[in-house]
Amino acid sequence: MWSPSIQRIIITTVILLFLIKFFFLKNDKSESDSEENQDSEKENYWDSIQKLNSFSLNEGEEKRYELYSNLPANPNLAKIPNKLAAIDASKTAICETDTFIGQQVLCSFEEKRDEETSCDSDSLQHYSDFDDFERENELDSNFTNWTILFARRDPVERFIDHFMDYCVREARACFQCRLDLRCFLNNIYTEIEKIRAGNVTVTEDELKYVPQHWFCQMETKNQRFEFIDYTLFANPTNPEYAEAKRPNADAIFAENVSTYEKIQKFYTAFLYSRPDVLDLFVKTYYWDYLMLKMPLPELKVAEVKNYKI
């Protein structure tokens, strides 16, 4: 017969084994349930996207945009940033439509031209506008001997990026258009029209979607800019760039960037394949295409099945 102490040890051991087994079984079940819920959430999310953004055009939908006209150029804006960043030593400056983009492109441009050049935000000079730039460098109105860059972005890519950030990844109001790109575009057209009409301060969010030609006095300085394509300098495989471009993706996309990219491609295909949506988009950004010397987008045929997650 076992002594009382041995009995206590055996009983304690059995209880511990039972608790350990119970704990692991519960964890396994929780993980399984979590994975099933996540898969279900992704599927429901994708179903919502497809339902709200049908590639099929219902009768009469295209005509609703015939009353819309191209938004005019030359906005009556006094309170939109016209900042420039410059490298005085090489006499190169860039319009900062976006601080991150401006500095990235200017440094990349300089490093491609001179591999021994070291460039970062600390090595750049910043100016509030062309008047400040001209005065500080004692320049004439033609900025003789200087190269003035403008990093133009494909308007479709820029718009889709903003929509993904503002409406898909982040839980914002998004004009009450959550996941509905056409609804969002309708509101953007209206908002840009309102901004043009009044002398208002443009917010940080609005700077993401107002036309690019509004920046840096494009109407009067157009001939002085050297246009370069942002995509030539933006490297999505660069970890620092990817982190800056897509910070804190929500749970639906956090585990797999390719899911984000597929949804992004779906929305791009939707915009290009819907005549009514593409027509309104061109009317919204018509002067970007003309003043930044880019061809107008053309209608394309796309199939939903190519983009399903």
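## Aromatic pairs and disulfides

The structure holds 19 aromatic pairs. The model is a predicted one.

One of the aromatic pairs is formed by Phe 266 and Tyr 267, whose ring centres lie 5.8 Å apart. Their planes stand at 75°, so the pair counts as edge-to-face, the cut-off for that class being over 60 degrees. Phe 266 is buried, at 0% relative accessibility. Tyr 267 is buried too, with a relative accessible area of 0%.

Both residues also belong to a cluster linked by ring pairs. Its members are Phe 159, Phe 163, Tyr 166, Phe 175, Phe 184, Phe 266, Tyr 267, Phe 281 and Tyr 285.

Lysines are also found over aromatic rings. Lys 221 lies over the face of Phe 130, at 5.4 Å from the ring centre. For Lys 300, the ring is that of Tyr 272, and the distance from the ring centre is 4.4 Å.

The count of disulfides comes to three. The table gives the sulfur distance and the torsion about the S-S bond for each pair.

| Disulfide | S-S distance | Torsion about S-S |
|---|---|---|
| Cys 95 and Cys 216 | 2.0 Å | about 95° |
| Cys 167 and Cys 174 | 1.8 Å | 85° |
| Cys 177 and Cys 183 | 1.9 Å | about -55° |

The torsion of Cys 95 and Cys 216 is about 95°, so this disulfide is right-handed. The pair links distant parts of the chain, its two cysteines being 121 residues apart. Cys 95 sits in strand β2 (residues 92-95), whereas Cys 216 is in the loop between α6 (204-207) and α7 (218-221). Cys 95 counts as buried because its relative accessibility is 2%, and the cut-off for buried is under 20%. Cys 216 is likewise buried, with a relative accessible area of 0%.

The link of Cys 167 and Cys 174 is right-handed, with 85° about the S-S bond. Both of these cysteines, Cys 167 and Cys 174, are buried.

For Cys 177 and Cys 183, the torsion is about -55°, so the disulfide is left-handed. Cys 177 is buried at 2% relative accessibility. Cys 183 has a relative accessible area of 21% and is therefore partly exposed, a class that lies between the limits of 20% and 50%.

Definitions and conventions:
Residues numbered from 1 in each chain as written. Predicted model: local features only at pLDDT ≥ 70, side-chain atom pairs only at ≥ 80, totals over all residues. Heavy atoms only, no water. Disulfide = S-S within 2.5 Å. Helix = DSSP H or I, 4+ residues; strand = E, 2+ residues; numbered from the N terminus. Buried < 20%, exposed > 50% of the residue type's maximum accessible area, 1.4 Å probe, protein only. Phe/Tyr/Trp six-rings, centres within 6.5 Å; stacked < 30°, edge-to-face > 60°. Lys NZ or Arg CZ within 6 Å of the ring centre and 35° of its normal.
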